[in-house]
Amino acid sequence: MILDLVPLMPELLVAAAALALLMLGVFRKADTSREATVLAGLAMGGALAVLVGVEGARQTAFGGMFILDGFAGFSKALILVASAMTVSMSLDYLKRENIARFEYPVLVLFATLGMMMMVSANDFLSLYLGLEMQSLSLYVLAAYHRDSARATEAGLKYFVLGALASGMLLYGASLIYGFAGTTSFDSLAKVLGGSGHPNLGVVAGLVFVMAGLAFKVSAVPFHMWTPDVYEGAPTPVTAFFAVAPKIAALSLLTRVLIGPFGELAHQWQQVVVFISLASMAVGSFAAIGQTNIKRLMAYSSIGHVGFALVGLAAGSDLGVQGVLIYVAIYLFMNVGAFGVILAMRQKGRAVEGIADLAGLAKTNPSMAFVMAVLMFSMAGIPPLAGFWGKFYVFMAAVKADLWTLAIVGMLTSVVSAFYYLRIVKVMYFDDAVEALDHPTNPPIRLVMAVSALVVLLFTFLPGPLLIGAKAAAQSLFAAG
Amino acid sequence: MMYVAAVFLPLLGSIAAGLFGRFIGDRGAQVVTTLLLGVSAALAVPIFTSVALEGHSVIVPVLHWIRSGSLDVSWALKFDTLTAVMMIVVTWVSFMVHVYSVGYMAHDRSIPRFMSYLSLFTFAMLMLVTSDNLVQLFFGWEGVGVASYLLIGFWYERPSACAAAIKAFVVNRVGDFGFALGIFGIFFLFDSVSFDTIFAAAPAKANTIVHFFGIDWNAITIVALLLFVGAMGKSAQIGLHTWLPDAMEGPTPVSALIHAATMVTAGVFMVARMSPLFELSNTALMVVTLVGAATAFFAATIGCVQNDIKRIIAYSTCSQLGYMFFGIGVSAYPAAIFHLFTHAFFKALLFLGAGSVIHAMSDEQDIRRMGGIWRHVKVTWALMWIGSLALAGIPFFAGYYSKDSILEAAFASHTLVGHFAFAMGIAAAFLTAFYSWRLLILVFHGKPRADERVMAHIHESPAIMIVPLMVLAAGAVFAGWLGRDMFVGHEEAGFWRSSIEVLPSHPAMEGMHHVPEWVSMAPLVVAGSGIALAYLMYVFAPSLPGWLAGSMRRVHLFLLNKWYFDELYDWLFVRPAFRLGRGLWQGGDGALIDGVGPDGVAAATRVIAQRVARLQSGYLYHYAFAMLIGVAAFISWYVFNAR
């Protein structure tokens with residue numbers, strides 16, 4: 001029994017920390033938001049260390065419902081890094097907005113726990129548990145600024161639509177159970193692998209499951225909550241939303257499609273190709289007219305999900321490797337960009353218009369440089385990391401003969417370059433109406449520096465990430 | 001060594017003045033270029049003695065240039081009599097012009113640039129005359145074209161100078177295109193571009209037929225005509241002459257050097273150089289004769305009514321080049337080159353003298369605002385008289401010998417075109433004398449028509465400008481008398497040797513010594529009457545020109561507007577080219593490529609962006625509806641695809 005819990009050690013640590021912080025916050029009268037944030041960050045770091053310790057060969061727990069393999073380990077590491085970075089940036093902002101409470105880091109910890117469960121799910125039941133744990137935490141986080149009408153609206157919208165998506169997912173899972181007779185991924189793989197022609201009921205169930213998960217990654221046409229929630233939620237929450245849950249949901253989608261439904265690749269590939277194309281197109285075109293940078297980042301993330309799905313559509317280990325590389329690079333680009341957005345203040349007041357960045361190159365050259373590097377990288381301009389992310393997914397697509405995807409992907413990345421470069425243009429060529437304050441918060445500056453460095457240096461040191469992603473992708477296929 | 005130095009010293013001077021003009025200064029640039037050219041001119045004399053007089057033709061290899069397949073072009077200097085004559089002309093006139101420019105351009109702001117261009121031109125011209133193959137000749141040919149372009153547009157602040165430079169370049173390009181085609185044709189026929197190989201193989205190919213556009217053509221004729229198109233462009237023959245009068249926008253020393261004495265005669269030189277080829281095609285020679293004769297007459301008629309002192313001389317140059325070409329056309333190559341030789345001296349003298357007049361008249365060029373200045377500029381006046389006497393062909397001056405021999409040769413050719421050329425030449429000689437004396441009388445004699453300020457300022461040019469004029473005047477007086485025997489007299493065969501080839505079936509050179517007495521006298525008589533008419537119209541009956549112009553308004557306008565060649569070309573080529581360009585720019589590039597391409601795509605992107613953004617209504621039920629529709633669509637897709 002003890003041995004059974006070893007793969008769960010990182011999750012157990014996060015859960016224990018979350019509960020302990022909750023107790024700490026409830027029983028201490030003073031404001032404990034600072035301590036709670038620091039401890040939450042430490043807990044995540046600890047969980048990462050434990051994860052590295054326990055990770056290795058494929059291990060299962062809870063009677064096969066929970067799995068820890070190379071793929072799960074890689075995704076969890078990314079999730080923990082993303083959560084830790086975003087939570088460390090949040091405190092300063094929340095304090096300035098007078099909404100700093102200890103619940104924030106606790107909710108983030110619970111959400112992170114849910115995500116870790118998601119990527120380790122090996123059964124539809126554990127999948128649903130992890131997903132809901134994450135989602136419920138995120139609903140609360142979205143409405144965290146409860147005095148703000150915008151934030152409340154965002155939280156409500158997210159909750160209602162999320163509930164709908166969860167319902168679809170559950171319905172799909174029940175259909176699959178009804179037609180295949182099992183919810184275990186391992187058994188599903190065996191059952192579906194044998195049959196020649198796939199049962200329509202199973203396919204319908206799979207479509208519902210995919211719809212539910214596509215909602216979580218905000219892929220078109222299940223994306224419509226994204227801009228409103230991103231804009232309405234407090235910026236640190238948006239930063240968190242934009243990275244960790246995306247990674248978790250993409251990893252989960254990948255595991256579900258490649259693992260139990262690997263034999264149905266020809267069926268789900270059509271859906272993935274479509275939502276990938278639609279996401280890239282909407283992400284590129286809709287962002288052009290935006291004036292709010294958070295809204296712009298929402299469309300940007302939709303577009304990036306579309307690019308990542310290109311790798312998944314290929315359905316090969318090369319494609320999965322591409323997805324993992326893409327999300328890893330996406331993590332650093334987005335965290336860095338949100339670091340800059342969090343630092344956007346005029347005379348102490350937070351601003352989020354693109355025009356407010358005007359003249360940043362003169363008033364704060366280093367911040368402008370970081371933002372410029374990240375924007376060029378997002379546009380996919382070599383030799384920055386964003387180029388390689390696109391390179392690997394498109395290469396996988398071309399190897400899988402998905403020429404349409406590759407070509408449309410190239411074209412939409414050209415369109416998206418327009419709004420990324422516009423930000424650079426605004427920063428470097430427009431005159432500032434009012435200068436932005438200099439960011440004083442060390443964590444934000446550290447995050448900005450780290451992400452810019454990662455993006456800049458990836459070309460020269462791609463080894464660790466490539467090898468890690470390759471091993472993770474192969475672990476998924478070896479199991480199936 | 002001497003041979004290489006003579007050719008490359010001007011290049012050295014050009015580089016020194018052009019690239020290091022800032023360091024050596026105005027004076028340094030003048031001294032370096034003039035000195036190096038002086039050395040080159042001095043070397044040309046022993047070269048002439050050794051090559052032309054003693055008969056030691058040489059080929060000096062310099063380096064291998066291009067080797068590709070059967071094309072083997074080396075860089076070599078060929079010195080035979082023809083080259084030696086040209087070298088004397090080029091280096092000495094150029095040297096005189098360099099010296100003259102020191103005085104004439106004294107107040108200019110970019111003296112090193114000017115001297116550098118002059119030397120660069122001289123180098124290219126020497127390259128042209130010393131080449132031993134067609135590609136190297138083409139290099140020099142284009143080199144002089146570039147230098148001419150740079151020098152015509154030397155005062156680049158003037159729009160008219162820039163326009164003239166471009167015109168010269170473009171019109172020459174038409175000729176050069178023909179020349180290049182001719183070179184391709186020769187390579188196609190002979191598999192070589194080297195003169196010696198071509199000339200050795202030419203007689204064997206005399207009757208080669210090429211099939212082109214469904215018609216059989218004589219290959220040699222085609223090649224010769226194409227080469228002649230190139231010569232027409234460079235030597236401003238009728239049709240491609242329009243650039244030469246405009247080229248007078250350049251500084252006057254340039255007009256003297258490039259557009260009178262040397263570059264414009266490159267066409268004559270080239271055709272003479274290719275004489276073994278032209279001799280094989282009677283058709284080509286006939287065309288050369290007709291074009292030359294027509295140019296000689298046509299340019300002379302225009303020269304009679306022009307009012308710009310430099311333009312009159314420019315048309316005169318055009319006309320004299322016509323003489324040279326019909327000389328060639330009747331196979332009197334030596335007579336043509338002889339005229340080239342003497343013409344270089346007296347025409348350079350006339351141009352530099354005109355420059356001296358312009359200099360004295362505070363940059364006035366219109367002869368209607370001159371007159372009566374001979375007392376103030378006596379030396380220039382005397383020199384201009386010498387130049388005009390030589391040009392008109394008055395006995396014992398240089399032009400007398402050379403022009404007479406061309407006219408006699410034309411008569412002696414005993415062909416129809418030869419006699420046509422003779423008639424045209426006689427008419428042109430009459431007009432030449434007329435416009436020369438019209439110019440002399442209007443500029444130097446009669447009452448002053450310039451305003452007092454200009455008259456008060458008139459002064460003789462400094463010695464540095466006058467001395468070169470005197471050297472050239474000596475040439476204008478003695479060159480004909482001294483050169484007669486060698487060039488066209490009984491020493492002719494021993495002088496030219498193999499550098500010029502004439503078939504026995506073209507006996508004009510021999511026949512010119514046996515023409516009737518009246519043929520020899522005719523040029524002199526018409527020249528005298530031309531002079532007399534000029535005196536009548538501008539001294540004794542000054543109202544006559546105005547009355548004539550009024551009573552024959554159409555003819556006068558026709559001549560004044562240069563036979564409407566510029567207007568015709570403007571209407572025929574320039575405007576359609578502009579229209580085509582504007583159409584392609586606005587319609588093709590602007591509307592079609594930009595409109596459908598970048599602009600169209602960008603506009604479409606903007607529209608799509610607005611539509612997509614409008615979908616984002618903010619209503620919860622819209623979003624939920626979109627999700628449900630999406631799922632329903634996917635399920636339907638599978639349901640209908642499953643069967």
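A residue is called buried when its relative accessible area is under 20%, exposed when that area is over 50%, and partly exposed in between. The model discussed here is a predicted one.

## Chain A as a whole

Chain A contains 19 helices and four strands. Of its 480 residues, 62% are buried. Among the contacts in chain A with a separation of 6 or more, 82% are made by residues 24 or more positions apart.

The size of an interface is often given as the accessible area lost when the parts come together. For chain A and chain B the buried area is about 2,400 Å², with 80% of it on carbon and sulfur atoms. Three residues, Leu200(A), Met224(A) and Phe285(A), provide 24% of the area that chain A buries against chain B, which is more than any other three residues. The contact involves 35 residues from chain A and 23 residues from chain B.

Between chain A and chain B there are zero salt bridges, while six residue pairs are in polar contact, both residues of each pair being at pLDDT 80 or more. Several helices of chain A build the side that touches chain B: helix 6 (149-180), helix 8 (200-216), helix 9 (225-232), helix 11 (265-285) and helix 12 (293-314) each contribute at least two residues. The largest share of that side, eight residues, is supplied by helix 11 of chain A.

## Salt bridges and cysteines

Over all chains, 27 salt bridges are counted. In chain A, one network of salt bridges links Glu153(A), Lys157(A), Asp228(A), Glu231(A) and Arg295(A).

| Salt bridge | Distance, N to O |
|---|---|
| Lys78(B) and Asp196(B) | 3.0 Å |
| Glu157(B) and Arg109(B) | 3.7 Å |
| Asp566(B) and Lys562(B) | 3.8 Å |

Which parts of chain B does the salt bridge between Lys78(B) and Asp196(B) join? In this salt bridge, at 3.0 Å from N to O, Lys78(B) belongs to strand 2 (residues 71-79) and Asp196(B) to helix 7 (residues 195-201) of chain B, so that distant parts of the chain, 118 residues apart, are linked. Lys78(B) is buried, as its relative accessible area is 11%. Asp196(B), with a relative accessible area of 37%, is partly exposed.

The salt bridge between Glu157(B) and Arg109(B) has a distance of 3.7 Å. Glu157(B) is found in the loop between helix 5 (134-152) and helix 6 (159-190) of chain B, and Arg109(B) in the loop between helix 3 (81-104) and helix 4 (111-130) of chain B; the pair therefore ties together parts that are 48 residues apart in sequence. Glu157(B) is partly exposed, at 45% relative accessibility, whereas Arg109(B) is exposed, with a relative accessible area of 72%.

The structure holds zero disulfides over all chains. Two cysteines of chain B may be described by their accessibility: Cys162(B) is partly exposed, at 30% relative accessibility, and Cys318(B) is buried, with a relative accessible area of 1%.

## Two residues in helices of chain B

Is Ser275(B) buried or exposed? Its relative accessibility is 0%, and because buried means under 20%, Ser275(B) counts as buried. Ser275(B) lies in helix 12 (residues 275-278) of chain B. Apart from its neighbours within four places in sequence, Ser275(B) is in contact with Tyr333(B), Ser499(B), Ile500(B) and Glu501(B). With Glu501(B) there is a polar approach: a polar atom of the side chain of Ser275(B) lies 3.1 Å from the backbone nitrogen of Glu501(B).

Val454(B) is part of helix 19 (residues 452-457) of chain B. At 13% relative accessibility, Val454(B) also counts as buried. With neighbours within four places in sequence left aside, Val454(B) is in contact with Met361(B) and Ser362(B). Although Val454(B) and Ser362(B) are 92 residues apart along the chain, their C-alpha atoms are separated by 6.5 Å.

Definitions and conventions:
Residues are numbered from 1 along each chain as its sequence is written. Chains are lettered from A and ligands numbered from 1 in the order in which they are written. This is a predicted model: local features need pLDDT of at least 70, side-chain atom pairs count only at pLDDT 80 or more; totals for chains, interfaces and linings use all residues. Side-chain values use heavy atoms; hydrogens and water are left out. Buried means under 20% relative accessible area, exposed over 50%, partly exposed in between (1.4 Å probe, protein chains only). Contact means heavy atoms within 4.5 Å. A salt bridge is a side-chain nitrogen of Lys or Arg within 4 Å of a carboxyl oxygen of Asp or Glu. A disulfide is a pair of cysteine sulfur atoms within 2.5 Å. Buried area is the accessible area (1.4 Å probe) that two parts lose on being put together, summed over both. A polar contact is a pair of N or O atoms within 3.5 Å; within protein, one must be able to donate a hydrogen and the other to accept it, and residues adjacent in sequence count only if both atoms are side-chain atoms.
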